[in-house]
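Reader: I'd like to learn how to read the place where two parts of a chain meet. Can you walk me through one?

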Amino acid sequence: MKELDTNNFINEKIEAIRKTVADGIAINALSGGVDSSTVTMLGHRALGTNLKTVFIENGLMREGEAEQVAEIFKKLGVTVDIIDARKDFFSALKGITDPEEKREAVTQTFYKNVFGRIVKESGAKHLLQGTILTDIDETIAGIKRQHNVFEQLGIDPQEAFGYKIIEPLIELRKDGVRKVGKALGLPSGLFDRIPFPGPALAARVIGEVTPERIETVRKATIIVEQFLNNTGAFQYMAILHEDRVTGMCDGKRDFGQQIEVRCWDSFDARTAEPTQLPFEILKKLALEIIQSVPGIVSVTYNIAPKPPSTIEAV
Ligand code: XMP
């Protein structure tokens, strides 16, 4: 691939977004990840106040995420509306255990119900989003249905949801997006953030996604991110398993839950190796999770590479 000229790239995309949206309004879904943050800044530069940026509080995000992201963007001059859609998502996910059905439920709720509603209310005709090349590759290869891929699967968003989707980052992989994000002036804390998937913590709960199970994985996520954020790893996460195992709690037998920790070395997420973490760190991390997350009696560390594993569990 030829060297990316970030300034050219930014100018071309700004022009293209302006041309497509013309004097209309566009909506932009910000999650605070590298991809959607970069798209937000591109859209903001292209459209100013004709871009309405929303953060969908789907109940599946990490602790305090909505407020933190809105605060960061406020400093960059971008107003972010936080939309409470927790009920929509949890009712759509109720009773579903199959990974692809879960992803599909998140997708439909996001694009059809929640965005359909926002688009109708705002009169916007376009949704700006941060789909990248890796999302497309893996969806087409049938590895994992990324929640933000449509046209490549023969789905016309205009027909299915009532609006068009603009994807300015579609030629880039993660490393390219980081370069563009940096050039657009995103604070290093943002473009250096580890990737976080569209289906959010629902991608890290094996089995049914309920508010209680999300709360468990959310608590474990705080600890994993605190312990591993200075390892330089590409991505790290906590996963809540469905199987229960015998353990002990307050001296009594307990049939408790298990958290799997994953920590990945990778360049572009297409392949990945488990990080060789010092055993002392793993032991401390496990102890902290067991002591602070109610119901957890077992912590494991994944040592399988991608492929055949994938980075997320669902
Ligand atoms: P997998 O699990 O497929 O993940 O090995 C590869 C990279 O993509 C992220 N990921 C997603 N990103 N929408 C996204 O925008 C999604 O549906 C999605 N699923 C996985 C994952 O965190 C990893 O960095």
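Author: The C-alpha centres of domain 1 and domain 2 lie 28 Å apart. Domain 1 covers 6–191 and domain 2 covers 205–301, with bounds taken from an automatic or database domain assignment. This is a predicted model, where local features need pLDDT of at least 70, side-chain atom pairs count only at pLDDT 80 or more, and totals for chains, interfaces and linings use all residues. Residues are numbered from 1 along each chain as its sequence is written, and side-chain values use heavy atoms, leaving out hydrogens and water.

Reader: How many residues does each domain bring to the contact?

Author: Contact means heavy atoms within 4.5 Å. Here, 19 residues come from domain 1 and 18 residues from domain 2.

Reader: And what area do the two domains bury?

Author: Interface size is often given as the accessible area lost when the parts come together. That area uses a 1.4 Å probe and is summed over both parts. For this pair the figure is about 1400 Å², with 56% of it on carbon and sulfur atoms. On the domain 1 side, Glu63, Phe90 and Lys102 supply 29% of the area buried against domain 2, more than any other three residues.

Reader: How many salt bridges cross the interface?

Author: Look for a side-chain nitrogen of Lys or Arg within 4 Å of a carboxyl oxygen of Asp or Glu. The rule finds 1 across this interface. Arg62 also forms a salt bridge with Glu225, their closest N and O atoms being 2.7 Å apart.
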